[in-house]
Amino acid sequence: MMRIRFSLGVGSCICFVASVIFPAATRAQYKEIDRLGQDLAQACAKPSLEDSVMAVADLHDVDGTNGNQGHYFSLLVTSAINLHRKGELVVADHNGFDSALQKIEISGQAFTTPQSVTAIKGRINAYMIVIGDFRQEQQDYSLHFSGVRASDGVVLCSANSKFRHNAFLDALASPFPPPNGDMPIRMGSSNPEQHLVPPVCEHCPFPTYTGAARAAKLQGTVVFETLISNEGRVVALRPTKALGFGLDEAAYDLILNKWKMKPAKTKDGKPITVIVPIEVTFRLY
């Protein structure tokens, strides 16, 4: 089953549901992220309800300032912790946590030391913030996480991870949208252009399940901000909501390399370049 939906009143969106499962190899990095989430869920869980809210901050790049990769790693870890959380542990939505930080004028990558976490004390309802950093090595990404108590900056738990590069993770190091060409129109309710015709799928094949996601019985929606050219070509995309277990990468590869769109148009029929959110929903039937 496939469903396509445009909803310009709340931000333009293309939505697919994948109901066909195809065999795929389990990749070591997905197992490693799952292990990391399980370790953090077990080590950092608190038994009492009022002390059970955990949030994962954007990781910072120890060799530079790459925010896209650090944000995505945190999306993945948030998802993995949620899969393994038990009892009353509540894991805050990562994008929601970033938005809460923006409201109190704190950067998503501001937490570089345990003591820096105390900046949210009394301002955000979270008992613990998981902070960390990553380093891009020759063949691997090396990640380190610490669970820090927000009230006093005390480190309560920690975990480390290492996994190989892949094209998807490496692509996150590129800026979005790419810094060339004309500035695209971001379609949505706040857009001053009220009469744009949104892009339409011309050839948009189904995404596939990975073996790891199928084994974990993982379902949900991956969301990308997507740059679609005035020729209907998918130029670039950036994940804003992740599921993990390779589903994000599977959707990314398919959209970037296989999809063909009819471009968005102005009310007088002129093709234009736009940024539009794309949702890919994975369901096991």
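Buried means under 20% relative accessible area, exposed means over 50%, and partly exposed lies in between, using a 1.4 Å probe on protein chains only. Keep that in mind for the whole tour.

This is a predicted model, in which local features need pLDDT of at least 70 and side-chain atom pairs count only at pLDDT 80 or more, while totals for chains, interfaces and linings use all residues. Residues are numbered from 1 along each chain as its sequence is written, and side-chain values use heavy atoms, with hydrogens and water left out.

**Stop 1: helix H6**

Select residues 247-258. This is helix H6. Helices are DSSP runs of H or I with at least four residues, strands are runs of E with at least two, and both are numbered from the N terminus. H6 has 12 residues and reaches 16 Å from its first C-alpha to its last. That is close to the 16 Å expected at 1.5 Å a residue; the expected span is 1.5 Å times one less than the number of residues. Now colour its buried residues: Leu247, Asp248, Glu249, Ala250, Ala251, Tyr252, Leu254 and Ile255.

**Stop 2: the largest cavity**

Select Gln29, Tyr30, Tyr72, Leu76 and Gly246. Of the 14 residues that line the largest cavity, these lie nearest its centre. On a 1 Å grid over the protein atoms alone, a cavity is a set of points where a 1.4 Å probe fits but cannot get out; a pocket is an open set with protein on both sides within 12 Å along at least five of seven lines; lining residues have an atom within 4 Å of a point. The largest cavity holds about 110 Å³ of space. Grid points are joined across faces, edges and corners, and a volume is the space filled by probe spheres set on the points.

Which helix gives the most to this lining? H1 does, with 3 residues. H1 (28-44), H2, H4 (167-171) and H6 each supply at least two. By class, the lining has 8 nonpolar, 4 polar and 2 charged residues. Here Ala, Val, Leu, Ile, Met, Phe, Trp, Tyr, Cys and Pro count as nonpolar, Asp, Glu, Lys and Arg as charged, and the others, Gly among them, as polar.

**Stop 3: the second largest pocket**

Select Thr78, Ser79, Asn82, Asp93 and Ala242. They lie nearest the centre of the second largest pocket, which is lined by 13 residues. Helix H2 (67-84), helix H3 (94-103) and strand S11 (234-241) each give two or more of them. H2 gives the most, with 5 residues. The space here is about 210 Å³.

**Stop 4: helix H3**

Stay on Asp93. Asp93 caps the N-terminal end of H3, with a side-chain oxygen 3.3 Å from the backbone nitrogen of Asn95. Next, select the buried residues of H3: His94, Phe97, Asp98 and Leu101. Seen down the axis of H3, they fall within an arc of 100°, so they line one face of the helix. The arc is that of the directions from the helix axis to the C-beta atoms. Turn to the face away from the buried side to find the exposed Gln102 and Lys103.

**Stop 5: Glu225**

Select Glu225 in strand S10 (residues 220-228). Is Glu225 buried or exposed? Glu225 is buried, with a relative accessible area of 16%. Its side chain makes a polar contact with the side chain of Arg186 (2.2 Å). The side chain of Glu225 also makes a polar contact with that of Arg238 (2.2 Å). A polar contact is a pair of N or O atoms within 3.5 Å; within protein, one must be able to donate a hydrogen and the other to accept it, and residues adjacent in sequence count only if both atoms are side-chain atoms.
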